[in-house]
Amino acid sequence: MSQQTSAPVFPPQIQPPQAPAHRNPLFGLDNRYIAPAFITCILLAGHLSFGILESYQKTLLAIITSILIELVLGRIFFHKWVHPASAYITGISVGILIRSPAFWPYALCSAISITSKYVLRVKDRHIWNPSNFGISVMLFLAAETVATLSIQWGNYLWPMIVIWTLGSVIIWRLRRFHITGIYVASFIALAFLRSWMTGSPWQSEIAPITGPMYQLFIFFMITDPKTTVRSKSGQCVVVFLVALFEMVLRLNQIVYAPFYALFVVGPAAMLIEIWLDSRRARAATPTVAQ
Amino acid sequence: MTGNRIARVFLVLFFIALLATPFVIKRMSAGREAGGSKIDAKTALARHGFYLEEVSHAAGINFVHQSPRLDLKLDPITPEVASMGASVSIVDFDRDGWPDIYVTNSAIGSKNALYRNMHDGTFQDVAGDMGIADVNQPGTGVSTGAVWGDFDNDGYEDLFLIKWGRPELFHNDQGHGFTRVTEQARLPPWINANTAIWFDYDGDGLLDLFVGGYYSEDIDLWHLTTTRIMPDSFEYAKNGGRKYLFHNLGNGKFEEVSEKVGISSRRWALAAAAADLRGTGHPDLFVANDYGVSELYFNDGKRFHEVGEQAGVGFAPKSGMNAAFGDILNQGRYAVYVSNISEDGILIQGNNLWVPKEGTAGDTIKYQNLARDFGVELGGWSFGAQFGDLNNDGTLDLYLTNGYISLDRNRSYWYDFSKVAGGNSSIIGDAKNWPAFEGRSLSGYQTKRVWLNDGAGKFVDVAQAVGVTDVYDGRSVALVDLWNRGVLDVVVANQNGPLLLYKNTVAPGNEWIEFELEGNTASHSGSNRSAIGAEVTLFWNGQQQVQEVSGGSGFAAQNDRRLHFGLGRNPHIEKAVIHWPSGKIQTIDKPAADQLHKMKEPA
């Protein structure tokens with residue numbers, strides 16, 4: 001999920017380019033709040049029209065756990081109260097995407113997601129998208145209790161069009177539409193390739209991207225500024241590789257292929273970028289010394 | 001990250017603890033899962049108070065259900081489309097005092113069976129002799145269920161045959177044979193249904209018939225003109241079959257009145273059951289729908305009002321496949337059990353146990369899903385379930401069968417299923433878009449659930465321990481005291497599998513009481529002769545339990561019309577109160593335990 005409000009932790013030379021976070025407000029909103037507002041709207045619209053949540057309490061539990069752990073860990077390790085918008089997005093994403101009859105997976109998934117940001121760091125950068133990490137871990141370790149959202153938003157066209165339109169506008173404003181665009185184009189092209197390879201109807205290969213799980217994945221997970229590489233061309237290559245690895249997983253009939261693909265490709269790309277950055281930094285050091 | 005070293009160590013330990021949590025929870029719950037371990041009958045008897053022994057072959061029953069072969073256009077996904085049709089219903093068709101068993105078959109040309117109880121522990125198939133075997137002929141569709149009710153009040157239970165095809169009504173000729181009266185009854189030429197129930201919705205003393213369509217009635221699955229026959233959504237589909245309410249006019253004719261009385265849903269009905277949920281004297285109707293929410297229709301005696309959302313049962317959509325009522329807390333109120341789909345790591349819908357909320361009743365009754373709290377939530381790809389006191393301890397237990405398609409054990413269709421199910425309606429709704437099955441399983445080979453009620457709000461699965469070890473693709477469950485021994489036996493119909501007879505042995509000590517009711521129709525009092533809709537509330541040891549005579553419940557099933565109550569040890573029975581469909585209330589003081597009480601409604 002977008003982590004646009006995490007505390008600044010990068011040394012100056014590797015600071016990401018500043019997104020217009022506090023300028024050009026959309027709908028009168030500070031950009032920090034756009035993603036949380038959008039995902040909240042999706043949740044409310046989905047629930048009021050389709051009843052996607054069997055329980056408000058479970059979603060609330062995920063959100064509250066996420067924010068609480070973020071506040072506590074932020075206080076301990078950054079010595080300040082971290083803005084909760086990022087944790088809110090993680091919590092609400094967990095609340096929407098995780099499906100379990102029990103309460104504990106919601107709290108645990110949120111806790112793992114947020115804690116991973118503070119534990120799994122390289123050169124002071126967290127390398128996994130928190131909710132992608134949390135959800136993937138839960139699917140690995142607690143498959144008997146946990147599934148993810150797949151069908152609970154209906155299968156009709158109009159909600160999909162609304163979410164795609166709104167999501168595209170927002171992602172465009174946040175200058176990350178190219179990530180979503182490349183992924184969608186890659187997915188569709190690879191879907192036809194899979195259909196040709198497996199003999200399955202092409203409609204069945206396209207079908208997943210028409211569902212709600214992908215809408216969250218495409219707009220929030222793969223576009224997360226903190227866990228994507230910084231250059232635009234790099235982002236395009238990485239997101240294509242995510243789609244490509246997802247295809248490999250799909251050919252092996254892995255149900256949660258997109259989550260696992262991002263889980264593997266995202267951090268690998270981050271590690272490569274960090275390695276390249278440190279090489280550049282080493283190479284630049286003598287020049288600075290002169 | 002600038003935290004000190006100690007804080008970082010604690011953080012890492014905390015993170016490891018979080019990752020270890022699923023393992024710890026798994027270990028803690030391991031003992032409660034999988035129905036306990038297999039133990040011998042003697043130990044099961046001592047530990048759980050009963051055990052079940054599968055005796056179908058010894059009882060002379062060698063019935064194996066066959067699925068239909070449909071239009072060639074559906075061949076790639078035939079295992080999924082043709083995944084229902086096995087059913088079982090209990091009837092004493094010849095009124096000899098011994099329950100008989102009717103089972104359906106679903107291949108074109110296959111025969112249904114009517115197993116006459118021979119009183120000696122065996123059964124004999126007499127369906128052919130009785131004229132209700134050869135009912136799956138080409139051009140007429142195939143059987144998917146059967147319900148019994150005495151629609152003409154002549155004292156003999158008549159048969160309504162549910163089909164994907166031409167529905168059939170057979171009149172019982174005093175136990176000597178059956179006469180087909182479909183045309184006289186004015187039934188429609190084709191319905192693709194999986195559920196039907198007999199009930200007297202308007203209290204006129206004549207049994208009416210509700211039929212819930214699944215596939216649209218204009219689809220002939222053997223001669224398709226289009227492949228757009230599938231649900232247009234996995235959880236919000238409204239393109240299923242229509243509903244029918246056949247009002248019994250009393251002269252062998254029925255009038256279809258569903259629209260007139262407020263039933264117009266096109267959801268994909270899979271199960272229905274009726275009971276007086278509000279104490280109005282009129283049976284309310286509960287419909288469990290596949291690909292959507294359940295529906296609850298309050299009945300005011302003339303019209304039905306759909307109140308599912310208002311009552312709490314009709315908001316979260318799932319894959320409803322069962323509707324059974326049971327007074328699980330011995331409070332004189334019915335809970336409703338609806339089965340759904342749960343598959344580890346893929347789809348966890350969870351079954352629903354709708355329990356009336358404290359303090360709500362009448363028109364404002366609200367239900368809450370307590371399946372998880374009671375421990376009856378996860379049952380795999382669940383199908384038929386019935387409540388009954390299997391160990392006679394005085395509380396209603398729950399038998400659930402499950403398993404969808406068992407083919408190749410090592411290859412699953414789940415990936416393809418989940419791929420399409422989440423897609424847009426134009427994709428999911430067309431059968432040609434579904435990948436071919438190619439011999440794969442889909443939630444196959446599942447272990448069953450026999451949940452024992454501890455009476456305090458918890459059910460514990462003891463299936464393996466008490467001998468229920470089959471892994472067939474279970475569909476329909478019926479409970480019946482087959483051999484008049486004061487215990488509930490279990491009959492299970494399996495798709496593409498054998499009919500199973502689980503003979504029950506209950507530990508000595510727990511007592512029981514049974515009631516066989518017959519409505520008084522002599523003065524057109526308002527009761528039907530089958531007494532369907534009658535309720536018996538038994539008061540003993542400071543508690544009460546209500547049960548009703550049902551015209552169909554579970555999934556494509558009908559229990560014995562006789563009501564069985566377990567009583568526990570040394571019961572002190574205060575009274576039994578019978579609410580007849582006519583409105584009459586009859587009280588029996590201190591009825592004797594360990595007896596079947598045959599009750600005729602007083603004039």
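How many residues of chain A are in contact with how many residues of chain B? In this predicted model, the interface brings 44 residues of chain A into contact with 47 residues of chain B. On the side of chain A that touches chain B, at least two residues each are supplied by α2 (56-78), α4 (104-119), α5 (130-141), α6 (157-173) and α8 (202-206) of chain A. The largest share, 7 residues, comes from α4(A). By class, the residues on this side of chain A comprise 26 nonpolar, 13 polar and 5 charged.

Two of the helices named above, α2(A) and α4(A), also pack against each other, with their axes 8 Å apart and at an angle of about 25°. Because angles under 35 degrees count as roughly parallel, α2(A) is classed as roughly parallel to α4(A). The crossing of the two helices is right-handed. From α2(A), the contact is made by A:K58, A:L61, A:A62, A:T65, A:S66, A:I69, A:E70, A:L73 and A:F77. The residues contributed by α4(A) are A:Y106, A:A107, A:C109, A:S110, A:A111, A:S113, A:I114, A:T115 and A:Y118. This contact of α2(A) with α4(A) has 11 nonpolar, 5 polar and 2 charged residues.

In chain B, an open sheet of 4 strands is found, with the order β18-β19-β22-β23 and antiparallel pairing. Its edge strands, β18 (324-326) and β23 (367-369) of chain B, each pair on one side only. From one strand to the next, the twist averages 25°. Within this sheet, β19 (residues 335-338) and β22 (residues 352-356) of chain B run antiparallel and are joined by 3 bridges. B:V338 has B:N352 of β22(B) as its bridge partner.

A further antiparallel pair in chain B is formed by β33 (residues 511-518) and β37(B), which 5 bridges join. Here, B:E511 has B:G568 of β37(B) as its bridge partner. Strand β37 (residues 563-568) of chain B is mostly covered, with 6 of its 6 residues buried. In a regular strand, side chains alternate between the two faces of the sheet. For β37(B), both faces are covered. One side presents B:L563, B:F565 and B:L567, and the other B:H564, B:G566 and B:G568, all of them buried.

Terms used: Residues are numbered from 1 along each chain as its sequence is written. Chains are lettered from A and ligands numbered from 1 in the order in which they are written. This is a predicted model: local features need pLDDT of at least 70, side-chain atom pairs count only at pLDDT 80 or more; totals for chains, interfaces and linings use all residues. Two residues are in contact if their C-beta atoms, placed from the backbone, lie within 7 Å. Ala, Val, Leu, Ile, Met, Phe, Trp, Tyr, Cys and Pro count as nonpolar, Asp, Glu, Lys and Arg as charged, and the others, Gly among them, as polar. Axes are lines fitted to C-alpha atoms, for helices over the stretch in contact, and angles run from 0 to 180 degrees between N-to-C directions. Angles under 35 degrees count as roughly parallel, over 145 as roughly antiparallel, 65 to 115 as roughly perpendicular and the rest as oblique. A crossing is left-handed if the near helix is turned anticlockwise from the far one by less than a right angle, and right-handed if clockwise. Two strands pair if DSSP finds at least two bridges between them. A residue is buried if 20 or more other C-beta atoms lie within 10 Å of its own, exposed if 12 or fewer, and partly exposed in between; C-beta atoms are placed from the backbone.
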